[in-house]
Amino acid sequence: MQATALLQNTGWHFDLQSAVIGAVVAWVIALALYLNRGALKRLAERLWSPVTKWQSKAQRSTGEKYVNALQEALRSLLLFAPQHPDQVFVPPVFFTAAPLPANAAIAGGDRQQRVGFSQLSGGHPRVLITGSRGSGRTTALVMSVWHAVETGENAQQPYTRLPVWIDLSHVDSLPSSRTPPDQFITGLAATFLPEVLPKWLKSQLKNQTSLILVDNWDEVPVALRADLAGWIARAAESWPESLWIIATGPAGYGPLVEAGFVPAEIEPDLSQNALHKLHNGWARELNLEPPKLRGEALYTMLWAIEAGDTLPELVLRLHLHLETEETPYRPTDVLTALLHRYLQPTDLDEELALLATHAVEIAITLLSQIARATQLEKRAVTGADVNTMLAANLPPEETRPPKLEGLVRRIVQTTPLIKRGGKTVRFSADIWEDFLTAWALAAETRAAGLQPTLLLEHLHDPGWQFLLNCYVGLGEAEDLVKARLREGLGTEPTLPSDGIKPLLQVALWAMRAPEDVSWRPHVMKALAQAFVAPEIAEVERLTLGRALSLVAGENAHPFYLKMLRHPSHSVRATALRGLGWTGTARDMNILAAALKDKNPEIVKNALRALGDLRTPGAIRFLSEILPRVDQETMLVICEVLAANPESWDTLKAAQHADDLLVRRAVAHGLAGLHQPWAREILEQMAFDDPQWLVRSAAEAALATQETETGVIPSPPQLDSLEWLMEWAAQQGLGLGLGEAALQMLLHAVEAGETSIRIWGANTLKRIGKPEHLDVLRPLLNDSTPETRHAAREAIRHIERRYLGAT
């Protein structure tokens, strides 16, 4: 009974009063928490912040270790492996096809769009950097990593995008189709950087925006390229926020275009300003007090740039100048001087000193054979291979000095031309591999007394051009020169349609070859003959004239004087430029007299020739006549002043001229000058100048700079082209999607009116394949020159994209 009563008394029952009190208390607490939610949130954040900071620090620490390891590995890809790459880097620019217009009736030809280095990441996420060997494409990729690194301490990760580096130079097979694309890509990244764990990298790529940098597409076997492009496309789709930048040569990248990549041709900045920046940056990198880059040294550097020096060659010139103050003209002399400098042994006793010259000669032969095996035979050279090559190059044992072999080994083992580590021997830079391969081929040709058959076979191969240039500076290249001259001059009275290209190549060879080569006069004669050909365009005549001045130097001066009496206005006008390139201050009277000519082209070329003289007197003369000439001449003078860094101060002063026409001309001249101070002046003129005419000119100049620059555009989507939709509708047809849209484009190229055929060809120039060439070739005989030009350009681009494809 008592137990039953106890259970009844302790059982739960609803108590209204307690419930009401509890609810009120709960509401009061909730209200208090709500009213103080900000303070409570801050308190919670303060309490949790140590944990958050620890997590962020741990994540950043891992990221920093990864970035540091990646940067350390990438330094070795740069010439001389600088510790501070940013201070010896001059950003290049890139040129890509501008977006197609919406309306096919829009006037003007297909144009290129200029893209700055910092804008590579702002447009289409699949970019293809194209360029010849030595153009700086690998350097641009490497510096993209430095550009992506975030140095702020509060950043969660030490980069704005996770940088990943992939080297395709050793890809000789592809995985099975069952392999996930992300596994394939992270495996390639780990091959280049063994320190990275593929599992960690895969996780990071999944959760972060990334920057995938791929080098050496042009070294992938042609048979693998289509499938490899498919792997890359699938990986890009699995990481939709990723940015891909692939570097390749100037040809053979068609499968990547099919995978949605947009090519952008790299153009290194080799201006005088860039030259000074490189000079001062390398001086700091080498901890040297730099000699002033002026006088003969500056002139030689500028001549070398115009004569075709690549970016690596220019850096080597600067190093030689900084280390020895030597300034050879010919690139081969620069490379040879540095080669001996980097092979010269130090700390030798008297006996070894007597052997040094012979040992260096053997070392050069040995290195050239290693380069030949690597470059031409495409095989890895091991230590055992080096021993075999060395034994073959040493004198017979009975006549060999006892310490010679050891000294040669010491030279090869310590030279900075060779990379250390691994089982194979590799060169520290491509330029040394190319130069030493050319050295080996030149030695073989001299020894055999035969034609350089291998080089003749690769005369038109884009990948061999730098090696050919090196060979011409080292060997007897008469057979190569004769072959190209035959192509350039042809057998008909008129020049072949593409004759200027081989002529420019032999001109470049003449600049690089020794002064006493027997074929130099033949090159000069061919250039002079082509210079007066009536069928060439103005720009081609100008290019040939400049090439002749660089080959012949002051010896071309009498030729240009003689051409001033030629009946052709075009020849006379370009001959004036020749006086500017080869003349002296004494030629100013001739050029000044030409300003009175009634032909405006003669006047324009005389003004530009005065700028070409680059003398203080010529610049002073241009600045003095600026206020006194007509409006059109003012514009040309300011263009000339803008093209010469020596005359920039004159332009800066002229912005304050009383004559509004002078100020307007200054704005016009600054339009083509991509310098921060020039843009600042234009912005000030556009806002502050009291004359509408000047403000309008400054605004137009700024607009010109805006339209010249941009980001990488997306490839054309055929089913979204308005002009193609309109044309299809006019034919009573629908455009369709995918393959149907492509067939409509091909039909438009064949059957459309002139504007449609032109823009159809321009579209195929961007996305066309070899099977579309038969549609384009009939346009080469079209009645309108604009259509013929568009067809030629489209065919040239397609053939280049698929060069070597089977």
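## Basis of the model

The structure is a predicted model, in which local features need pLDDT of at least 70 and side-chain atom pairs count only at pLDDT 80 or more, whereas totals for chains, interfaces and linings use all residues. Residues are numbered from 1 along each chain as its sequence is written, and side-chain values use heavy atoms, with hydrogens and water left out.

## Overall build and confidence

The chain contains 37 helices and eleven strands; helices (H or I, at least four residues) and strands (E, at least two) are DSSP runs, numbered from the N terminus. Its C-alpha trace spans about 140 × 85 × 60 Å along the principal axes. Of the 806 residues in the chain, 47% are buried, where buried means under 20% relative accessible area, exposed over 50% and partly exposed in between (1.4 Å probe, protein chains only). Among contacts (heavy atoms within 4.5 Å) with a separation of 6 or more, 68% are between residues 24 or more positions apart.

The mean pLDDT (the predictor's confidence in each residue, from 0 to 100) is 87, and 91% of the residues reach 70 or more. Residues 1–10 have pLDDT below 50, and this stretch has zero contacts in the model beyond near neighbours in sequence. Over residues 51–58 pLDDT also stays under 50, and the model gives this segment one contact beyond four places in sequence.

## Cavities

Two cavities of 30 Å³ or more are present. On a 1 Å grid over the protein atoms alone, a cavity is a set of points where a 1.4 Å probe fits but cannot get out, and lining residues have an atom within 4 Å of a point. Grid points are joined across faces, edges and corners, and a volume is the space filled by probe spheres set on the points.

The largest cavity holds about 40 Å³ of space. Tyr66, Leu70, Val164, Trp165, Ala189, Phe192, Leu193, Val196 and Leu201 line this cavity. At least two lining residues come from each of helix H3 (37–75), strand S4 (162–167) and helix H5 (181–192). The lining comprises nine nonpolar, no polar and no charged residues; Ala, Val, Leu, Ile, Met, Phe, Trp, Tyr, Cys and Pro count as nonpolar, Asp, Glu, Lys and Arg as charged, and the others, Gly among them, as polar.

The second largest cavity, of about 30 Å³, is lined by Thr300, Met301, Arg317, His321, Glu326, Thr327, Pro328 and Val334. Helix H10 (295–306) and helix H11 (311–324) are the elements giving two or more residues to this lining. Its residues divide into three nonpolar, three polar and two charged.

## A three-stranded sheet

Three strands form an open antiparallel sheet in the order S8-S10-S9, two strands being paired if DSSP finds at least two bridges between them. Strand S8 (381–382) and strand S9 (418–419) are the edge strands, each pairing on one side only. S9 and strand S10 (residues 424–427) run antiparallel and are joined by two bridges. Lys419 has Arg426 of S10 as its bridge partner.

## Ile362 in helix H13

Ile362 lies in helix H13 (residues 350–375) and counts as buried because its relative accessibility is 6%. Beyond its neighbours within four places in sequence, Ile362 is in contact with Leu390, Asn393, Leu394, Pro395, Leu404 and Val408. Asp689 is 327 residues from Ile362 in sequence, and the C-alpha to C-alpha distance between them is 70 Å.

How values were computed. 1 Å grid on protein atoms, 1.4 Å probe; cavity = no way out; pocket = protein on both sides within 12 Å on 5 of 7 lines; lining within 4 Å.
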